Amino acid sequence: MKVAIIIGSKNDYDVVVPAYKIMKDFGIEVDVRVMSAHRTPEIASNFANDAIKNGYEVIIAGAGKAAHLAGVIAGHTTLPVIGLPIKSSTMDGLDSLLSVVQMPNGIPVATVAINGGLNAGLLAIQILALKYESLAQKMLQYKVDMQNSVIADDIKLQEIINN
Ligand code: RP5
């Protein structure tokens with residue numbers, strides 16, 4: 001089980017930490033790399049071309065501004081690519097969201113919310129869970145825990161309101 005997180009700049013790192021942590025919690029091997037569709041285009045395309053050979057099963061690509069990284073990576077591999085738009089400009093991340101999500105026919109990128117690092121990690125886990133039963137079981141438990149946490153929040157809220 002191996003996932004790559006690619007970011008366009010070291011300044012994007014904080015946004016992908018939740019993705020990194022949740023996947024590590026699930027026991028997935030995760031590599032985090034900085035490479036840019038614009039500043040290091042050959043390194044990025046070589047990485048994508050060799051990703052299957054190097055054992056990766058899903059790639060998360062996070063970038064801001066004119067965020068072409070996920071699309072370029074997706075153009076060079078048949079692996080599923082999750083695009084993570086990052087807020088790093090005066091346009092509040094809308095620029096990156098549109099750059100990541102508006103892919104042409106033939107090259108899909110599964111796009112999560114602006115700065116949606118956790119969901120990028122969870123989506124990668126769900127893709128891998130199709131193949132690895134242990135991940136599917138852990139994901140079921142994750143959902144049960146989340147549900148119980150919301151139910152507990154509701155009970156606490158009712159106590160506050162009614163007292
Ligand atoms: C994008 O440009 C990067 O993904 C980053 O979000 C943004 C700005 O990069 P830096 O100038 O902060 O390195 O390519």
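User: How do the residues of the shell around the ligand divide by class?
Analyst: The shell has one nonpolar, five polar and two charged residues. Ala, Val, Leu, Ile, Met, Phe, Trp, Tyr, Cys and Pro count as nonpolar, Asp, Glu, Lys and Arg as charged, and the others, Gly among them, as polar. This is a predicted model, where local features need pLDDT of at least 70, side-chain atom pairs count only at pLDDT 80 or more, and totals for chains, interfaces and linings use all residues. Residues are numbered from 1 along each chain as its sequence is written, and side-chain values use heavy atoms, with hydrogens and water left out.

User: Which residues surround the ligand?
Analyst: Gly 8, Ser 9, Asn 11, Asp 12, Arg 39, Ala 63, Gly 64 and Ser 88, each with a heavy atom within 4 Å of the ligand.

User: How far is a polar side-chain atom of Ser 9 from an oxygen atom of the ligand?
Analyst: That distance is 2.7 Å for Ser 9. For Asn 11, a polar side-chain atom is 2.8 Å from a ligand oxygen, and for Asp 12 a side-chain N or O atom is 2.6 Å from one.

User: And how much of the ligand does the protein bury?
Analyst: The protein buries 79% of the 360 Å² that the ligand exposes taken alone, by the Shrake-Rupley method with a 1.4 Å probe.

User: Switching topic: what are the classes in the lining of the largest pocket?
Analyst: Five nonpolar, eight polar and three charged residues line the largest pocket.

Note on methods
Polar contact = N/O pair within 3.5 Å; in protein donor to acceptor, adjacent residues only side chain to side chain.
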